[in-house]
Amino acid sequence: MTTVAATEPVLTIAGLNVGYGGVPAVRDFDASVRAGEILALLGPNGAGKTTTLLAAVGALTFLSGSVTVLGEPLDRRVERNARRGLTLVPDNRGVFHKLTVSDNLRLAKRKGGAELSDVFEYFPKLKTLKGRRCGNLSGGEQQMLALAKALLARPKVLLIDELSLGLSPIAVKDLLPRLRTIADEQQMAVVLVEQHIDLALAIADSAIVLHHGRVALAGPAQELRGQREKVEAAYFGLVGDEAQRSSTGLVGDEAQRSSTGLVGDEAQRSSTGEPRESGETDAAAKVVD
Ligand SMILES: Nc1ncnc2c1ncn2[C@@H]1O[C@H](COP(=O)(O)OP(=O)(O)OP(=O)(O)O)[C@@H](O)[C@H]1O
């Protein structure tokens, strides 16, 4: 397997334009993640988060741009990228409801991957539920299982689509810090699509806010944690010049440039009065933790 220096990103996405039927759903997307780092990908319904993840695992053909994994270009075949250490946890959790927890885990086991005992250390509750059919697990337990299944492959880069979908705030508060621990201990890079902005920023190293397929805001999570209004403005596409002003006093492009090298050009737009998509009102309710 290719190795990269600890300081090098294990996943780099550059100038990505990707969509459906030749129509871009995500434009000019740049991001990079190093081993052990978590990048939170935020944004309202339809912003392009899932599309970005699908492109990053090789499931969608790009219109332009590049994805580099562990120093090499993404392969056209999803399974090859998976063998190189790229794993996606989809928002439908990818568990087999009619099978038991044990059977789900056994099916996910890979030669050279982690042992069941390893993943039970992170999710001890699953051990007590080994004989339970997944359809009878709670949402939180199913998400633990989805994560455990992914970890069995010992991923270098884990892409997670809405881990907290359908979970209670308490379950989310339990699960996200565990993900932080796993990323630290396994030195695993994570791209986390999440609607709980505060909880995501609390565990992330960097964050990108997508709006209408464009990067509206990007930066180190530590900086964005104290800038809730600015994050929300980007989330709702209300970013004007003043909202660009970061704590460093930089404006525009420079304010968007994070230590991870992320740049958002949509953030340069002033409030254009662009109509919101119909789903965004619901999303607004979801961002309040
Ligand atoms: N298979 C598809 N064919 C055509 N358009 C699609 C397809 N999948 C997604 N889209 C469109 O691409 C855009 C981005 O969708 P995407 O699912 O990436 O957004 P998202 O940010 O993940 O949204 P959500 O939070 O609701 O899951 C949306 O306008 C959506 O309608």
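pLDDT is the predictor's confidence in each residue, from 0 to 100. We're looking at a predicted model, where local features need pLDDT of at least 70 and side-chain atom pairs count only at pLDDT 80 or more, while totals for chains, interfaces and linings use all residues. Residues are numbered from 1 along each chain as its sequence is written.

View 1. The protein chain has a mean pLDDT of 83, with 80% of its residues at 70 or more. A contact here means that the C-beta atoms of two residues, placed from the backbone, lie within 7 Å.

**View 2. The six-stranded sheet.** This open sheet runs in the order β6-β7-β8-β3-β9-β10, with mixed pairing. (Two strands pair if DSSP finds at least two bridges between them.) At the edges stand β6 (86–89) and β10 (214–220), each with a single partner strand, so one side of each has no neighbour in the sheet. From one strand to the next, the twist averages 15°. Angles run from 0 to 180 degrees between N-to-C directions, using axes that are lines fitted to C-alpha atoms, for helices over the stretch in contact.

**View 3. Zooming in on β3 and β8.** Strands β3 (residues 38–42) and β8 (residues 189–193) run parallel, joined by four bridges. Look for Ile38, which stands opposite Val190 in β8. Helix α1 (residues 49–56) packs on this sheet and touches β3, β6, β7 (157–161), β8 and β9 (206–211), with its direction at about 150° to that of β8.

**View 4. The four-stranded sheet.** Here the open sheet has the order β2-β1-β4-β5, and the pairing is antiparallel. Its edge strands, β2 (23–34) and β5 (72–73), each pair on one side only. Six bridges link β1 (residues 9–20) to β4 (residues 62–69), and Ala14 has Ser66 in β4 as its bridge partner. Helix α1 packs on this sheet too, touching β1, β2 and β4, and its direction makes about 120° with that of β1.

Methods. Helix = DSSP H or I, 4+ residues; strand = E, 2+ residues; numbered from the N terminus.
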